[in-house]
Amino acid sequence: MALLSIENLTVEFNTPFGAVYAIRGIDFTLRKGEILGLVGETGCGKSVTGRSIIGLLDDNARITAGRILFEDVDLLRLSDAAMHEVRGNRIAMIFQDPATALNPLFTIGAQIMDVLRAHRPAKRGDLKTDAMSLFADVGLPDPAQMMHVYPHQLSGGQQQRAMIALSLAAEPDVIIADEPTTALDVTIQAQILDLLRVLQRERSISVILITHDLGIVAETCQQVVVLYAGRVAEKGAVEAIFAAPQHPYTRGLLAALPRPGSRGSDLQVIAGAVPSGLERIAGCAFAPRCEYVMEICRGQQPAFSDIKQAHQSACHLHETFADA
Ligand code: SF4
């Protein structure tokens, strides 16, 4: 069941150098209780998409087209007050660096009690019990002690767990997790991803997981949307795309993953760089880097084609790749 649908979302930033086209008309759907990976290189528009959904874009950003439907209500048409209700209550966000997202002046306990008080008024004793129960749910040790510690007294992994507890306090339907493990070492990264999977399973929370790491997508997500230069290159079920990637960009990303036994050999790279957001792009945005580029690619933007149900790619050669 569709919970959140992004339709033709288009976002620009006004800068001293001119308009930066960050998102150039993207579409995807998040279903209830699934984890969807939003993947691509830096500058592809992943974080801008997440911030557009929750209404936290910078002042110089402008959404010039599209709709963001949450339970059939267009979030872009809500008043500031109505959007404030959605943010945190229904859709929460976890940021990459919990150290800067948590308030250094207040204990973790005080911060979570504030969120609980705002979203479900109750007696102080009940709030404290709820807060400790959330700390336990996210795997923080000694929840009673946690009520009295400040963010700087926690490790990076514990800070991220505290952030997740804060985001859960209002019992949201959707969590947008923006590179939640980038600042953590691999062991803690695995624990935090495990925690997201448990929350999705046990609380039926839908998650948009923003990452540049396809390995994380393979382990954690059911659906994946591959972004390139503010457009969707390929999207669909994780198994389908990992088994038979169709878009040359997705193939390049997968080929660039380190493989067991490849120690000592050069990693594959996709030559070139993501185009500047200042460029207007008439044809396929990947054309300057694509080994299969044809004349049509430079002048005509490829439309989405179904390869199979639940797997779509935007490439003029989709039929050739699908047949192969
Ligand atoms: Fe390459 Fe053309 Fe496909 Fe773009 S449309 S990915 S340039 S083959």
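By class, how many nonpolar, polar and charged residues does the lining of the largest pocket have? The count is 15 nonpolar, 6 polar and 3 charged, where Ala, Val, Leu, Ile, Met, Phe, Trp, Tyr, Cys and Pro count as nonpolar, Asp, Glu, Lys and Arg as charged, and the others, Gly among them, as polar.

A word on the ground rules. This is a predicted model, with local features needing pLDDT of at least 70 and side-chain atom pairs counting only at pLDDT 80 or more, while totals for chains, interfaces and linings use all residues. Residues are numbered from 1 along each chain as its sequence is written, and side-chain values use heavy atoms, leaving out hydrogens and water.

Back to the spaces. On a 1 Å grid over the protein atoms alone, a cavity is a set of points where a 1.4 Å probe fits but cannot get out, whereas a pocket is an open set with protein on both sides within 12 Å along at least five of seven lines; lining residues have an atom within 4 Å of a point. Points are joined across faces, edges and corners, and a volume is the space filled by probe spheres set on them.

| Space | Volume | Lining residues by class |
|---|---|---|
| Largest pocket | about 610 Å³ | 15 nonpolar, 6 polar, 3 charged |
| Largest cavity | about 90 Å³ | 13 nonpolar, 2 polar, no charged |

Of the 24 residues lining the largest pocket, Arg87, Gly88, Val115, His119 and Leu166 lie nearest its centre. Helix H4 (108-119) gives the largest share of that lining, 6 residues.

The structure holds 1 cavity of 30 Å³ or more. Closest to its centre, among 15 lining residues, are Cys284, Cys290, Cys297, Cys315 and His316. That cavity is the space taken by the ligand (more than half of the ligand's atoms lie within 2 Å of its grid points). Residues around the ligand (a heavy atom within 4 Å) include His247, Tyr292 and Leu317, and the shell has 9 nonpolar, 2 polar and no charged residues.

Elsewhere, helix H1 (residues 46-54) has 7 of its 9 residues buried (under 20% relative accessible area, 1.4 Å probe, protein chains only). Just after H1, Gly55 takes a positive phi of about 70°.

Then the strands, which pair if DSSP finds at least two bridges between them. S1 (residues 2-15) and S4 (residues 61-70) run antiparallel, joined by 8 bridges, with Ile6 partnering Ile68.

How values were computed: Buried < 20%, exposed > 50% of the residue type's maximum accessible area, 1.4 Å probe, protein only. Helix = DSSP H or I, 4+ residues; strand = E, 2+ residues; numbered from the N terminus.
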